Amino acid sequence: MLEQQADRIMQLSEWEERWQDNKIGFHQPAIHRMLQINYNAVVNGRSSVRFFFPLCGKAVDMKWLADLGHSVVGVEISEMAIRQFFQENNMTYSEESLPSLPGATLFQNSEKNISLYQCDVFSFSSSVAGQFGAIWDRGSLVAINPKDRERYAALILSLMGGDCRYLLDTLLYNPDLYKGPPFFVPDKQVQSLFGEFQLQHVAENTLIPTISPVEGDPGYILGLQDSFNLPALELNQIRSSCQTFY
Ligand SMILES: C[S@@+](CC[C@H](N)C(=O)[O-])C[C@H]1O[C@@H](n2cnc3c(N)ncnc32)[C@H](O)[C@@H]1O
C-alpha cells in the first residue's frame, strides 16, 4: 500500500507556489473539530502548555490555543502563510533573522506568545526552541514527502518533552486513486513510527460533505470533515484517523 506514493516528492518551492496561487484547500477557517474534541486529553489539566505546530500554515487553531493561555511555536516554509496568519487574526508581529538558523526568519507576537519560524522543518530542532508539552499535527505528517517520514518522526520525538502529548490527524484512502499530498499514512506505519509511546486511537471517521453542528447527534462525529481537496476521490472514499501519543 505504500509503494504507490513512495517516490512522490513535493519541493518546498511547490508549497510556496501553492500559497502564492492561493491553492490552499487544506486551510480551514474554523477551529479543527479533532483539536476541540481532544483538547482536554491533550492538555491533561496543565496550564500554559507549550504547543508545537509542525508545518503550521495559517491554522486558526494557533490563535485559539493562545487565547486559552497556551504558547505556540510553529514552523512553516511559506512566508506568505505566516504573514497572512498574523494579518487575518489582527495581530501585530515582529520579525527577525536568526544567526543560529541561517535563512530562517522568526515572526512573533509576544502578547499572545506565538512564535512562527519561517524555515524548512528539517532545519528546526530542540536547540532552537526547546521541547514541547503538546504537538498538534494536522496536515503535517501527511504533507511530508514519504521518503522523509522516518526522519520527520525522529524530529518530532526529539521535540517531545517528558510530559508531551501528541495529537495526530491522518487521512486514510486508497493510494491507487490519488497520489497526494496529503499522503496516505496507514495506521500501521503510524504505530511503527511512534509506537514507543502509548498510543490511543481516538477517532476514525468517514468524511461526509456536511458538518452537523448538533452536539449529541451521531452525525456530529460522522460529520467531521477535513477540507483537503482530493479531486480524484469521493468524500466517502476517505476516512480520517486521529490518535494521541504520550
Ligand atoms: C497541508 S498544509 C497544512 C497546514 C496546517 N497544518 C493546517 O492544518 O492548515 C502543509 C503546510 O506545510 C508547509 N510545508 C511543507 N513542507 C514543509 C517543510 N519541509 N518545512 C516547513 N513547512 C513545510 C506548506 O507550505 C503548507 O503550508
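The model is predicted, so local features need pLDDT of at least 70 and side-chain atom pairs count only at pLDDT 80 or more, while totals for chains, interfaces and linings use all residues. Residues are numbered from 1 along each chain as its sequence is written.

The chain has 8 helices and 9 strands. Both are DSSP runs numbered from the N terminus: helices are H or I with at least four residues, strands are E with at least two. Of the 246 residues, 36% are buried. Buried means that 20 or more other C-beta atoms lie within 10 Å of the residue's own; exposed means 12 or fewer, and partly exposed lies in between, with C-beta atoms placed from the backbone.

The shell around the ligand holds 20 residues, of which Trp15, Leu55, Gly57, Ile77 and Gly139 come nearest. A residue is near if its C-beta atom, placed from the backbone, lies within 6 Å of the molecule. Helix H1 (12–20) and strand E2 (71–76) each supply at least two shell residues.

Helix H4 spans residues 79–88, and its Ala81, Ile82, Phe85 and Phe86 are buried. They lie on the same side of H4 because they cover an arc of only 130 degrees around the axis, taken from the directions from the helix axis to the C-beta atoms. The face turned away from this buried side carries the exposed residues Gln87 and Glu88. After H4 comes asparagine 90, with a positive phi near 55 degrees.
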